[in-house]
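Open the model in your viewer and keep the selection panel at hand.

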Amino acid sequence: MVASDPRVTVVTGGGSGIGRATAIRLARRGDAVCVCDLSEAGLKEIAALIEPAGGNLLTGVVDVRDQSQVRAWIAEILERFDKIDCLFSNAGVNARSTVADMTLSQWNLLIDTHVTGTFNFCQAVLRGMVERRAGSIVTTSSDFAIVGVPNAANYCAAKTALYSLTKSLALEFAPYGIRVNAIGPGPIDTPLLRAGRTPEEYENARGVFESRLPIKRLGQPEEVAAVVDFLLSERAAFITGQLLQPNGGQVMW
Amino acid sequence: MIEVNEHDGRVAVVTGGSGAIGGAVTERLRNAGALVHVFDIQPSSLSGAYFHRVDVRDESEVDTAFGAVGKSFGRIDYLVCCAAIYRPAPFLELRLDDWQRTLQINLTGYFLCCRAALRFMRPQKFGRIVMFSSMAARTGGVNTAHYAASKGGVLGLARSLAIESAASNIRVNTVSPVITDTPMPRAVLSDQEVESRKTRIPLGRIGSTADMADACLFLLSNDSSYVLGQDLRVNGGSTLW
């Protein structure tokens, strides 16, 4: 690789929150960043943040659940940049409910987005990584892959499955020098934390989180982006199959 | 944003800083402009670091050395605990002396150093502590009951300290290496045995001191500002939990 050849990084769910903060951070450090999201508005926002600063950005409206959309977009990236070095599979969604009242569509939405979406993206980028014998992937799991919480059985199941997928990928692709790790964020101040909660419920939840967390504050998306940056980089060259938790001390295990 | 050198001028103590991993951490911090104090029983061969002869088992030696650093440099920002021994022995042949020596250096030494450092970190409302544990804490191993017990104790110590100290802007985390290319495993393993360990590690090699220093520097830096009480497992994928 010549020095002028930028690292090409794909970020899913990069229109807001952790994905957006990560895309911005990696663009600043010189990556060509390919960001997808379901929200066109989110993509416009990130373009306005990255492009005026001279960042190299490609955006796409992609439903990560749809394998043909994912493959088509990856093909578009490869056409433009020839290679993909890193993937941050981060697209996520929440639909809170007790198990008793949970609809099948609430269940499927989370499993399909988090688990199948990550499967789709990993499969699509790993072919090229195997050929090039190089690559690094980070997935967004959660503290809730380790502990359960009420009103979020679909979220917990999805994040735990995602963690298992990550570990299997790590073992399967280590012989090719490809590393796969997961992050397990704690409560981070993002739109997803507000999803499915009224403003009052959100304020209550925030208060509970803050009092219970050893660090006594919510995390910021930029603090998670720094961890993703580390895991994708050569600084983590000997780290694979691990869950690293920027969580304010919420879960230690 | 990444170019800002946050370590410049930080006062750091590295216990076991004359050893392989501790030496790599010391060198990286020194190169980044930190004022690094090596606490060890063996002199450090590194220039540009301050050496203090300290037996980490000895409460008064530890307290005196931290007191001296804190007094003359005004603060203690980072503590990296690396001082440890690895003396494998079959369990039934494990003498109480060997058990106690391992626990005293590998665990009680960490306690004493953390306590002494926290006397400065608490009032200054800033501190970063990284303790080196080991994958043996989780996996155990043949002939390593005492070593595994000491390293498991480190995880418990670190988590409790992380919870107790978070409100004072002190972050505590651990690094758990797998076999690393240092004199410590080579003292008890043949070259052939070291070579065969590689086949058990998915990434196909043993760890390097640079791998461990990278992990340690990450946990000392602002990049890990929301990471506390965590164990960073730097093991090439050999154990996934």
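Angles under 35 degrees count as roughly parallel, over 145 as roughly antiparallel, 65 to 115 as roughly perpendicular, and the rest as oblique. The model is predicted, so local features need pLDDT of at least 70 and side-chain atom pairs pLDDT 80 or more, while totals for chains, interfaces and linings use all residues. Residues are numbered from 1 along each chain as its sequence is written, with chains lettered from A and ligands numbered from 1 in the order written.

Select residues 20–31 and 209–220 of chain B, helix 1 and helix 8 (helices are DSSP runs of H or I, at least four residues; strands are runs of E, at least two; both are numbered from the N terminus). Their axes, lines fitted to C-alpha atoms over the stretch in contact, lie 9 Å apart at an angle of about 55°, taken between N-to-C directions on a scale from 0 to 180 degrees. Helix 1 of chain B and helix 8 of chain B are therefore oblique to each other.

Now show all of chain B: eight helices and seven strands. The C-alpha trace spans about 45 × 40 × 35 Å along its principal axes. Of the 241 residues in chain B, 52% are buried (20 or more other C-beta atoms within 10 Å; exposed is 12 or fewer, partly exposed in between; C-beta atoms are placed from the backbone).

Finally, select Val33(A), in strand 2 (residues 32–37) of chain A. Val33(A) counts as buried because it has 29 C-beta neighbours inside 10 Å. Ala174(A) is 141 residues away along the chain, with 24 Å between the two C-alpha atoms.
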